[in-house]
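Me: Could you walk me through reading salt bridges in a model like this one? I would like the general idea first and then the case at hand.

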Amino acid sequence: MRANQTDLWDSETAKDLEIYPKERPYLVGVSGGVDSRVLLQILLDAGFSQLVICHLDHRLRGSESERETDFIGRLARRLRLPIYQEQVKEWPKKLSLETAARQARQHFFARAAKKFGTNHVFLGHHADDQVETFILNILRGTGSIGHAAMKPEAGITVDGTQLIFIRPLLRVWKDQIRDFARKRRLQFSEDATNAENRFTRNRIRNLLVPEIERVLGRPFKLNLLRLSQIATEESELLRELTPDWWELDELPVRDMKTLPVALQRRVIHQWLSRHEISDAGFEEVERIRSMLTHREIAKVNLPSCDCCRRREGRLFIAPQKGPRMDTKAKINRE
């Protein structure tokens, strides 16, 4: 398996980068850890000359966060690269910390994109991240298995700005990244919280994955990585067959009912994503889909401050009125 991984590092990753013009500007998410530090070095080695280092200080680790911010500032000066840094000022109370942090990063990159005139963002997610994300989304209940994995290139719209996230290291494993850093003698900042099990992703990495391997008696991450790639490729085929109704402000009920169930789900899931509905999974999609055939269901609460309503043969997103009882989607019959 190690030989195969090395081949991927040498050929596939370099090939993935060839499609991006080297002379155009790109944002690079740099946390200070080994993943983003190696990504930055690979991009420089590949000849990308217009890179902007982007670092968001989440202010979650006290003095360690401050040292990390200083380290990245020194790194940018040494590499003679422009840098864009911000601090999270406050955290929303209605969202989990993980969801709030993800949204904070997205808005941060949107501001950086406007400042530097580019919407392409390189991120350092790697194969181990892909496996953990795949497991997490499946267990949480994703809208489809094709949405459970991160894509090498994915676009989202934030604050009216379309961002293109590029992840060239999704086939590269963490131990390969550390090997690269060691051979090149790259300096980076270790995040001590990665060893803690306070966050769900850390528990998957530190507890669940080792336990699954212990029960199976063998490694399984490579097989799961391959499954995530197959799911992503099959999802791309379905995407080509899916009508672009998700781009509409309102979904037409009569037309939606003519679609196969699989395409109904895809349209609804993409529609919710377009409206920036966080953490929408299978349950939310199915309850909205039930509104297509059950006329007595006129409203579905969403895991945010919004709800989906039906009126005059159309589905639309509206603000939720009154206090929410919980964060689960509920059906109201009106």
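Me: Is K221 buried, exposed or partly exposed?

Reply: K221 is partly exposed, with a relative accessible area of 23%. Here buried means under 20% relative accessible area, exposed over 50%, and partly exposed in between (1.4 Å probe, protein chains only). Some ground rules: this is a predicted model, where local features need pLDDT of at least 70 and side-chain atom pairs count only at pLDDT 80 or more, while totals for chains, interfaces and linings use all residues. Residues are numbered from 1 along each chain as its sequence is written, and side-chain values use heavy atoms, with hydrogens and water left out.

Me: Which residue does K221 form a salt bridge with?

Reply: Side chains of opposite charge can pair when their charged atoms come close. The criterion is a side-chain nitrogen of Lys or Arg within 4 Å of a carboxyl oxygen of Asp or Glu. K221 pairs with D128, their closest N and O atoms being 2.6 Å apart. D128 lies in helix α5 (residues 127–140) and K221 in helix α8 (residues 221–241), so the pair ties together parts that are 93 residues apart in sequence. Helices (H or I, at least four residues) and strands (E, at least two) are DSSP runs, numbered from the N terminus. D128 is buried, at 10% relative accessible area.

Me: How many salt bridges does the rule give?

Reply: The count comes to 14. Among them, R111 bridges to E86, with the closest N and O atoms 2.7 Å apart. R111 sits in helix α4 (residues 97–116) and E86 in strand β3 (residues 83–87), so this pair links parts 25 residues apart in sequence.
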